[in-house]
Structures are given as C-alpha cells and as structure tokens.
Amino acid sequence: MTIEQNRALVQQYFSVVTGADTSTDLGSFFAPNVTWQVPQSNPAIKPNPRVGHAAVMDLLTSGVGIYEPGSMDIQQQRVVADESSVVVQFTLVARLARGTDYRNDYIMLFSISDGKIDGVWEYLDSLYQWQL
C-alpha cells in the first residue's frame, strides 16, 4: 500500500472506534495474525501481547465498555506514515461508564501489511489509567 493508503486505513479505523463510521466492521481492519501490545506495566491487559484476530477483538470489544457511550473523543496531534506503518499521537478524552472523566495521552504504532493492520503498539500512562 502507499503511504497515503496506510494513513487513510488508520484514520478510518479511528472513525470506527469513535463511532463516526458505523457502517464498517471493526474486525475488518486486522490481519488474522495481528498482535496488540500495551506497556508491560499495564495490569489490566492480560495476556500481553494479545496475539491473533480473536484475541485482539476480545481486547477491543471488552475495553469499549469502560467508556460512557458516545463520550469518546480522540484528539489527534500528529500522524506520521510510511510504506509499512503509521504512528498516531493523540489525547483520548471520555467519560468512564462509572461517571469519572478520563483524559490520557497516547502514541499508537500500527504495522500494516497487505492492506491490514498486523501489529499495534499502544503507549499510554498506564498508572493514571489504573488509578481511575
């Protein structure tokens, strides 16, 4: 894929995650052998990394429930792309399902092969996330 196609794929992924695009299946973005890794200090994600399409989809679908529906706002600061990867720096602002405000800074690195995301490395302040 071209650099612009990689960038567009990841931007569409974020549109689905935030609910702006409700017609695209979230699972369609990922390769069968996808791997998703978070900081090893994150106690909420076990096993880490998640390996395989089913394991990653389980992670994503279970994680969305912690946010109040419709409250998630992803404020992107930078998107950097090349022929096989895209890096996105953003702030996630949301309201947790239990009523607490959430604001955390993220860097996500997406590895892309054959038009599918085959690796994700998610960096965030996991201590802040856990203390909420």
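I'll start with a salt bridge: the side chains of Arg 95 and Glu 68 meet at 3.9 Å, N to O. Keep in mind throughout that this is a predicted model. The two partners come from distant parts of the chain, with Arg 95 in strand E4 and Glu 68 in the loop between H2 and E3, 27 residues apart. The cut-off for a salt bridge here is 4 Å from the nitrogen to a carboxyl oxygen, and this pair is at 3.9 Å.

How accessible is each member? Arg 95 is partly exposed, with a relative accessible area of 32%. Glu 68 is partly exposed as well, at 33%. Asp 101, at 54%, counts as exposed.

Now to Ser 71, which sits in the loop between helix H2, residues 53–64, and E3. What does its side chain reach? Another involves Arg 95, whose backbone nitrogen lies 3.0 Å from a polar atom of the Ser 71 side chain. Leaving aside neighbours within four places in sequence, Ser 71 is in contact with Val 93, Ala 94 and Arg 95. Ser 71 and Leu 96 are 25 residues apart in sequence, with their C-alpha atoms 8.3 Å apart in space.

The structure holds four salt bridges. One of them pairs the side chains of Asp 58 and Arg 50, at 3.2 Å, N to O. Asp 58 is partly exposed, with a relative accessible area of 43%, whereas Arg 50 is buried, at 9%.

Next, the sheet. Six strands form an open sheet in the order E2-E1-E6-E5-E4-E3, with mixed pairing. Strand E2, residues 50–51, and strand E3, residues 73–81, are at the edges with a single partner strand each, so one side of each has no neighbour in the sheet. Helix H1, residues 3–18, packs on the sheet and touches strands E1, E3, E4, E5 and E6. The direction of H1 makes about 165 degrees with that of E3.

Strands E4, residues 85–95, and E5, residues 101–113, pair in the antiparallel sense over 11 bridges. Within that pairing, the bridge partner of Phe 90 is Tyr 106 in E5.

That brings in the aromatics. There are nine aromatic pairs in the structure. In one of them, Phe 14 and Phe 110 have ring centres 5.9 Å apart and planes at 85 degrees, so the pair is edge-to-face. Phe 14 lies in helix H1 and Phe 110 in strand E5, so the pair ties together parts that are 96 residues apart in sequence. Both are buried.

Phe 90 and Tyr 106 also form an aromatic pair, and this one is stacked: 4.9 Å centre to centre, with 5 degrees between the planes. The two are 16 residues apart, Phe 90 in strand E4 and Tyr 106 in strand E5. Buried or exposed? Phe 90 counts as buried at 2% relative accessibility, and Tyr 106 counts as buried at 3%.

Both pairs belong to one aromatic cluster, formed by Tyr 13, Phe 14, Phe 29, Phe 30, Trp 36, Phe 90, Tyr 106 and Phe 110.

Definitions and conventions. Residues are numbered from 1 along each chain as its sequence is written. This is a predicted model: local features need pLDDT of at least 70, side-chain atom pairs count only at pLDDT 80 or more; totals for chains, interfaces and linings use all residues. Side-chain values use heavy atoms; hydrogens and water are left out. Two strands pair if DSSP finds at least two bridges between them. Helices (H or I, at least four residues) and strands (E, at least two) are DSSP runs, numbered from the N terminus. Contact means heavy atoms within 4.5 Å. Axes are lines fitted to C-alpha atoms, for helices over the stretch in contact, and angles run from 0 to 180 degrees between N-to-C directions. Rings of Phe, Tyr and Trp (its six-membered ring) pair if their centres lie within 6.5 Å; planes under 30 degrees apart count as stacked, over 60 as edge-to-face and the rest as tilted. Buried means under 20% relative accessible area, exposed over 50%, partly exposed in between (1.4 Å probe, protein chains only). A polar contact is a pair of N or O atoms within 3.5 Å; within protein, one must be able to donate a hydrogen and the other to accept it, and residues adjacent in sequence count only if both atoms are side-chain atoms.
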